[in-house]
Amino acid sequence: MDDKQAVEALATVRAHQDRTRRAARLPWWVYAAVFVLAAGGMALNDVISLSGAKLVAVLVLVVLAVVFATSRVNGPAPLGRVRGVQRRQSFVPWVFGVVAFVGGLGAWLISRYGSDVTHDLANAVGLPGYPNTVAGVLYGTAFTGLFALSQVLLTVAQRRQHA
């Protein structure tokens, strides 16, 4: 009888852990917001003449204002509030290494081929006057993908730790 109760208790605990993990996932609109902020910032450069330094300063200012306003209204953990649960985040070295490597590779590719590819692609899709908008869509996709990769790898690391 003890073995049966132990198996049932373990199944209950695992089911609870799975529900908690699903509840701790970020909603889809967070990824959409990352994409829109990255793509919109670059597209803004086609409309308003901002140099690279000014654009970065404006984007950083906007992100800081959003985080500040969110933390003042909701408390100190905006992503925890979005998830609906307070998630304990620990530093996972291999996840950091993978994300840093992929991000570094992306930065190298952008520095090496970025402007040529975006201008060629803008011309190919019929938007020759809007290369920054095309670059924004590409970079927004890359940033969103990198953010999603970090979330997936953290989930895998947590499952390995609890298995």
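In which helix does valine 102 lie? Valine 102 lies in helix 5. The model examined here is predicted.

The protein contains six helices and zero strands. From the N terminus on, the order of elements is α-α-α-α-α-α. The protein has 163 residues, of which buried residues make up 21%.

Helix 5 spans residues 93-124 and is kinked by about 65°. The kink is centred on tyrosine 113. Several positions in helix 5 are buried: Val95, Val99, Gly114, Thr118 and Ala122. Leucine 146 is 44 residues away along the chain, yet the C-alpha to C-alpha distance between valine 102 and leucine 146 is 7.7 Å. Just after helix 5 comes glycine 126, with a positive phi of about 85°.

Four arginines, Arg19, Arg22, Arg25 and Arg159, form a positive surface patch. Of these, arginine 19 belongs to helix 1, which covers residues 2-24. Its relative accessibility is 47%, so arginine 19 counts as partly exposed. The exposed class would require a value over 50%.

Technical notes
Residues numbered from 1 in each chain as written. Predicted model: local features only at pLDDT ≥ 70, side-chain atom pairs only at ≥ 80, totals over all residues. Heavy atoms only, no water. Bend = angle between axes of the 7 residues up to and from the residue. Helix = DSSP H or I, 4+ residues; strand = E, 2+ residues; numbered from the N terminus. Buried < 20%, exposed > 50% of the residue type's maximum accessible area, 1.4 Å probe, protein only. Patch = residues over 30% accessible without salt bridge, like charges linked within 9 Å, V, L, I, M, F, W, Y side chains within 5 Å. Areas by Shrake-Rupley, 256 points an atom, 1.4 Å probe, with all protein chains shown as cover. Salt bridge = Lys/Arg side-chain N within 4 Å of Asp/Glu carboxyl O. Lys, Arg positive; Asp, Glu negative; His and termini not counted. Charge placed at Lys NZ, Arg CZ, Asp CG, Glu CD.
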